[in-house]
Amino acid sequence: MNDRLLDFAIRYGFLILLVGLIVYFSLAAPGFFGPLSAAFVLQSVAITGILALGVTCTLVVGGFDLSIGAVATSALMLSAYSMVILEHPTLVAVFLCLGMGALVGFINGILIVKFRVPDLLATLGMMFLLIGLQRIPTQGNSIATGMTLADGSVAEGTFSAAFLWLGRHRFDVVIDRLLPMPVVIFVAIAVLIWLFLGFTRHGRLMYAIGSNERAAALVGTPVNRYKIAAYMISGVTASIGGILLAARLGRGDIASGNNLLLDSVAAALIGFAVLGAARPNAFGTAIGALFVGILLQGMTMMNAPYYTQDFVKGAVLVAALVFTFYLSSRRTGAGH
Amino acid sequence: MADHALKVNGLQKSFGKNYVLRGIDVTLEPGSVTVLMGANGAGKSTLVKVICGHHRADGGTMMLAGAAFAPEDAADAIQQGVVTVHQSIDDGVIPDLDVANNLMLDRLVERGHGLFVRERHLRDEAAKVASAMGIDVNLRARVSDLSVADRQMIAIARAMARAPKVLILDEPTSSLSATEADRLFALIDRLREQGVAILYISHRMSDIRRIADRIIVMRDGAISGSFDSKPLDYEAAVTAMLGHRMTEVDVAVNSGTVPVLELSNLTLFPNATPINLQARDGEVVALVGLLGSGKSRLAEILFGRARAVSGTMRINGADYAPSSVEDAVARGVYMSPKDRGTNAVIPAFDIADNMTLPFLKGLSVGSFLDARRQKNRSQEMVSQLGIVCQTVGDGIGTLSGGNQQKVMIARWLLEPAQVLLLDEPFQGVDIGARRDIGRHIRATAQGRATLVFLAEIDEALEIADRIVVMNEGAIVGEHTNQNVDLAALVADISGAKSTQTGTYS
């Protein structure tokens, strides 16, 4: 009986907690329960959620990608540079960013599988490199229409309407102009990654690599190719996050996106605890991102000060990790 | 002082229902090298772990130089004078520190040692230790930059800095070259003269010939042989280790039809004698040999994980030179590796996913897995091999060792193979599962050549049509599995014919 209770708690504990939170905030904070508030929560977690889905793929193969935040801000600056200074059309800017993300992921993968740099260190190095690189073309300035360039001319390009549409358009659902475009993209990516990891043979082989790389290699799995692919997926999703951020802000703001890395890693790790998976999974990651978003929105509506937010996020993360690692190990008996 | 260094009496140890040591009696004498032999799973490492304090004994007593000895933990055993150098050398040294610091490390953890390291004093002391042991390396060199042999010497020197009464060496030459091993033996000779009792664990006959004063042999958790009168009877020792009770399994020998796999002048190691071997359709060939005989190397070469020095391989007449495991699998060469825990089992997966892992492509529509077909195929194999489980959705970790191994074998029987390689398929498997696996391998042998790599003679007699013996990277004997002359087989395995002179002399 005790075992079944524990099993139930591990499996559904986090979802029950999520529902409990929603019920509590709905009663305690008037206006929390409703489409507007829901859209706001989703909007706030869409970009970190997209990054978290990418990092989930690297966690699945037993790796880690610390460069996602830097990739996203690089995509933000690159899209601004491309449209405002080089006056490229929308499609060119978008593909430049996606290509940059894929390239960074590829380099990360090569560093890890060919040069044998440990994943954390390789992606940490890449993170530093990108944070520096994105500031070089503009001498460390933010990019906006009308800024003066190094050669004395004035930047005359603008963010195109089509580009801004990506970040600002709202679909009419229930209420007019309710559902923001980034949320739609977030959900679409979540479904794609969920299908990929959970239901394709490629996903299954990636989980095999994460669980026992040697054994996976000994059945003929091209381990290196899958690892590189995982980092490329992570790079591309991070650049999508950066594009959406740029489209929402409408300028190449050098200081935005500072929290992206930690928030998205936290979401992916919280995802371990959802449904007792005890391993990285796309559904868990999406729920993890949502969980943090709901908690912060509820607290804000109950007038908790902004500076308590990181503390709360940290507490949730630690609790989720205990859930995953301590309780799950008790369930399977001592051992892994 | 007592005439023995360590006396072990009726030692027992079990893990759950698994009785690993069933009453062991061993006496180690000062100034003498006792070699401990035993196949995998005989209980050697458990015995060592009890003596060096990693495990507590369940029964029996140990006496160290006349006093009762029951170490609390590894540190206590060392304190009392029983020091072990484990098989993986890097457990015995700190790679990032220099030689002097490594040699003096045990002094640094002593309680009375001051806060600051006296650099010059430390180097002087280290130099003394090094010269006493005949180690000639730069004391400032980082240990990670040294050769394997030098690292091994330093690990032993560290152990010796404690002036132990008993020194246990666990397969110390497994990663050493012949000349490096010679240096180790010279060191062992010196320690023997100093009156240390040495327990030396090894499978290598050439090592054993070189240094053994006595040989004790373990099999199935008991001492199955003890040899102390010179000249030592090495063949009897090998027989005691491998055993050859007549098995109840009757093999109807099938010599096969057309050749499937042909190896011509394949050289496994530099300077080894090239091997020639044919394996025919429907035939099960067992390759037996001791550790280091080259059979693991041959398995790696066949599976695309290593390259032969020279020579050619052909499958059904076509050249075969795999550059990777993918290549090998694509050509229909499948291998179930040894040590399933590290090399085969995916702990996070259920039975069906573990079993179908190599052939997911055939079980997919486009990229998407067909979960139903995957489940049905696994279910078929589960009933064919008699795997005991609730459903194929159970985690692999819920199965017993024998059933896990059946899943790992079933993995490679899902699709027809040209050449099936099984490396130690009976490792950590109970007798029932072993019979099931053997029967199934034989029943499905038509249409492929099957090569089984084994250390135990019993197992080879149970499963093979033909037994090929390897030694020092070469084929030294071949026996059809019918009225096998066991004495000749054992002589082949121990290398009686070819190595009168020993490899290292």
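Predicted model: local features only at pLDDT ≥ 70, side-chain atom pairs only at ≥ 80, totals over all residues.
The strands concerned are E11 of chain B, covering residues 259-267, and E14 of chain B, covering residues 310-315, and they run antiparallel to each other, joined by five bridges.

This pair belongs to an open sheet of four strands in chain B, whose order is E12-E11-E14-E15 and whose pairing is antiparallel. Because strand E12 (275-280) and strand E15 (318-319) of chain B each have a single partner strand, they stand at the edges, and one side of each is left without a neighbour in the sheet. In general, the strands of a sheet pair through backbone hydrogen bonds, in either a parallel or an antiparallel manner.

The backbone also deserves attention in the loops. Most residues other than glycine have a negative phi. Asn303(A), although it is not a glycine, has a positive phi of about 65°, and its place is in the loop that lies between helix H12 (282-301) and helix H13 (309-331) of chain A. Asn303(A) has 7 other C-beta atoms within 10 Å, and it is therefore classed as exposed, the cut-off for that class being 12 or fewer.

In chain B, Asp339(B) likewise has a positive phi, near 50°, in a residue other than glycine. Asp339(B) is found in the loop between strand E16 (333-336) and helix H11 (340-343) of chain B, and, because it has 14 C-beta neighbours inside 10 Å, it counts as partly exposed.

Methods. Residues numbered from 1 in each chain as written. Chains lettered and ligands numbered in written order. Pairing = 2+ DSSP bridges. Helix = DSSP H or I, 4+ residues; strand = E, 2+ residues; numbered from the N terminus. Buried ≥ 20, exposed ≤ 12 C-beta atoms within 10 Å, placed from the backbone.
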